[in-house]
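The sequence and structure are shown first.

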Amino acid sequence: MTALKSSEADSFIAKPDRARPIVLIYGPDAGLVRERAEALIRASVENPADVFSLIRIEGDELSGNPYRLVEEANTIPMFGGRRAVWVRAGSRNIAPAVEAVINAPSPDCRVVIEAGDLRKGAPLRALFEQAKGAVALPCYADSERDLARLVTEELRAANLSIAPDAQALLVSLLGGDRQASRNEIRKLALHAHGKERVDADDVLAVVADASSLAVDSVVDATFAGRLQVFDSQFQRARTGGITAGTMLSAAARQAAQLHRARLAIEGGA
């Protein structure tokens, strides 16, 4: 089994294992998936902007050409140095392409597969959990402890401390998506620039409920009829502790707003 616990993922990112050069980063927290993928790429190549060092591939391209990934991974860099391939999984099955590169890995190339929420038993996830030369890093919604650590790290970087009651309030407004939470904390730090300590009034003045963004994503996918997106966003919201009743209520409010708008338009507005 080569699936790390969520708590072990950061240690792997900080010191990637060269014996496991092929990495799947997946989970319901899209912001955390992207953050860890970017961090792993930075740790794998000297210059991510160098197109000869970092190859980006959309996953759907691999479904019609499953050997492209193994060819890219085993290509010798034109100017030497380390190399990485970054794949963003799409809606099509890329397990055959990934299996090919797992069977013929390159010790000089890091392959990073960025995916959404994969159910247990999904072909791509199962492939990584059974392979010795690969590793899967799950990305689930941050716990209160994770969020408290994130708050401390971001505010310390801005030379700010935070009052205990303000931190408790801030943590209650975050969660669901790591990048959204980080953006809210940075916005708070900008608001408090020039102060030494963030208080509850600062939090109330500028921080939105970041967890509500997950509900918005579920409702948007529902009314757009995008079933695959809905499924992933629904699972992500449930993982973040949002109840089905909360999401249903938000959808009902959206329907009522659309109905009122339709009546207003028909009435000449």
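At what angle do the axes of helix 5 and helix 6 cross?

## Basis of the report

The model is predicted, so local features need pLDDT of at least 70 and side-chain atom pairs count only at pLDDT 80 or more, while totals for chains, interfaces and linings use all residues. Residues are numbered from 1 along each chain as its sequence is written, and side-chain values use heavy atoms, with hydrogens and water left out.

## Helices 5 and 6

The axes of helix 5 (residues 95-103) and helix 6 (residues 123-130) cross at roughly 15 degrees and come within 9 Å. Helix 5 is therefore roughly parallel to helix 6. Angles under 35 degrees count as roughly parallel, over 145 as roughly antiparallel, 65 to 115 as roughly perpendicular and the rest as oblique. Axes are lines fitted to C-alpha atoms, for helices over the stretch in contact, and angles run from 0 to 180 degrees between N-to-C directions. Helices (H or I, at least four residues) and strands (E, at least two) are DSSP runs, numbered from the N terminus.

On the helix 5 side, Ala95, Val98, Glu99 and Ile102 meet Pro123, Leu124, Leu127 and Phe128 of helix 6; contact means heavy atoms within 4.5 Å. The residues of this contact comprise seven nonpolar, no polar and one charged.

## Helices 7 and 8

Helix 7 (residues 144-157) and helix 8 (residues 164-172) have axes that come within 10 Å and cross at roughly 120 degrees. Helix 7 is therefore oblique to helix 8. Glu144, Leu147, Ala148, Val151 and Thr152 of helix 7 make the contact with Gln167, Leu170 and Val171 of helix 8. These residues divide into five nonpolar, two polar and one charged.

## Arg83 in strand 3

Arg83 belongs to strand 3 (residues 83-88). With a relative accessible area of 6%, Arg83 is buried (buried means under 20%, exposed over 50% and partly exposed in between, with a 1.4 Å probe and protein chains only). A polar atom of the Arg83 side chain lies 3.0 Å from the backbone oxygen of Phe52. Leaving aside neighbours within four places in sequence, the residues in contact with Arg83 include Glu72, Asp108 and Arg110.

## Asn65 between helices 3 and 4

Asn65 is placed in the loop between helix 3 (59-63) and helix 4 (68-73). Asn65 counts as partly exposed, at 35% relative accessibility. Its C-alpha atom is separated by 7.7 Å from that of Ala97, 32 residues apart along the chain.

Terms used. Nonpolar A, V, L, I, M, F, W, Y, C, P; charged D, E, K, R; others polar. Polar contact = N/O pair within 3.5 Å; in protein donor to acceptor, adjacent residues only side chain to side chain.
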